[in-house]
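Dear colleague,

Please find the structure below for your records. My notes on its pockets and its nonpolar cores follow.

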Amino acid sequence: MKAWSAGKRSEKLYQLKELLHQEAEFFAQLISAEAGKPIQYVRGEIARCQTTLEFAAAEALRFSGEAIPIDFAAGEGRTALTRRFPIGPIAAISPFNFPLNLALLKIAPALAVGCSIVLKPSPYAPLTALAFAGLIEQVGYPAGAVNVLMCDIPVAEKLVRDDRMHMLSFTGSPKVGWHLKEICGKKKV
């Protein structure tokens with residue numbers, strides 16, 4: 001996906017939003033059954049997820065660099081140009097209480113900028129993440145764009161420590177968050 005144009009990354013996210021819209025009631029029923037949440041709350045979560053995908057699709061078009069004037073001293077008459085690049089694979093851990101919305105707050109930005117992601121969802125609500133991975137496949141993302149890893153804590157810690165992961169995104173308790181920050185190495189968090 002790193003080689004995809006900004007337009008293609010944006011288009012795929014809009015397609016994903018549309019597919020989620022079509023499957024909204026399926027996901028609402030799944031989350032309600034899996035997480036034990038009232039259906040009206042879950043329908044609100046699905047609406048937020050669609051907004052997250054739309055926002056990420058728009059941001060995909062703005063992922064660029066900037067021109068910085070350095071027109072002083074030895075740089076007189078010059079301008080520096082910066083360019084942003086995908087950071088690489090991202091390790092992500094999401095909780096059970098908003099199993100799709102909090103996962104999408106990690107997945108959508110990663111896809112918007114062309115990064116793959118390994119998501120470890122909560123063991124209390126894993127089916128939602130797995131079902132959403134199916135939508136990602138239907139839209140036409142390449143294999144490995146979004147990976148859902150069902151595992152126990154020792155394996156999750158290996159993921160966090162893995163040097164192939166260039167960033168860590170975590171939502172959960174402060175105690176676990178500080179522990180993960182200690183063991184993640186030089187990853188961006």
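What is the volume of the second largest pocket? In this predicted model, the volume of that pocket is about 250 Å³. Its lining consists of 14 residues, and I87, I90, V113, C115 and M167 are those nearest its centre. Two or more lining residues come from each of α4 (101-113) and β6 (167-170), with α4 giving the most, namely 5 residues. Sorted by class, the lining comprises 11 nonpolar, 1 polar and 2 charged residues.

The largest pocket holds about 390 Å³ of space. Around it are 21 lining residues, of which I93, K120, I153, F170 and V176 lie nearest the centre. Both α6 (153-161) and α7 (174-183) supply at least two residues of this lining. Its composition by class is 12 nonpolar, 6 polar and 3 charged residues.

Turning to the cores, the largest nonpolar core contains 38 residues, and L20, I107, F132 and Y141 have the most contacts inside it. Among the elements that each supply at least two residues of this core are α1 (6-22), α2 (24-35), α3 (39-60) and α5 (126-139), as well as the strands β3 (90-93) and β4 (117-120). Apart from neighbours within four places in sequence, L20 is in contact with F27, I46, C49, Q50, L53, L100, L104, F132 and L135. There is also a second, separate core of 10 residues, including A91, I93, V160 and L180.

Yours sincerely

Notes
Residues are numbered from 1 along each chain as its sequence is written. This is a predicted model: local features need pLDDT of at least 70, side-chain atom pairs count only at pLDDT 80 or more; totals for chains, interfaces and linings use all residues. Side-chain values use heavy atoms; hydrogens and water are left out. On a 1 Å grid over the protein atoms alone, a cavity is a set of points where a 1.4 Å probe fits but cannot get out, and a pocket is an open set with protein on both sides within 12 Å along at least five of seven lines; lining residues have an atom within 4 Å of a point. Grid points are joined across faces, edges and corners, and a volume is the space filled by probe spheres set on the points. Helices (H or I, at least four residues) and strands (E, at least two) are DSSP runs, numbered from the N terminus. Ala, Val, Leu, Ile, Met, Phe, Trp, Tyr, Cys and Pro count as nonpolar, Asp, Glu, Lys and Arg as charged, and the others, Gly among them, as polar. A nonpolar core is a set of buried Ala, Val, Leu, Ile, Met, Phe, Trp, Tyr and Cys residues joined through side-chain atoms within 4.5 Å. Buried means under 20% relative accessible area, exposed over 50%, partly exposed in between (1.4 Å probe, protein chains only). Contact means heavy atoms within 4.5 Å.
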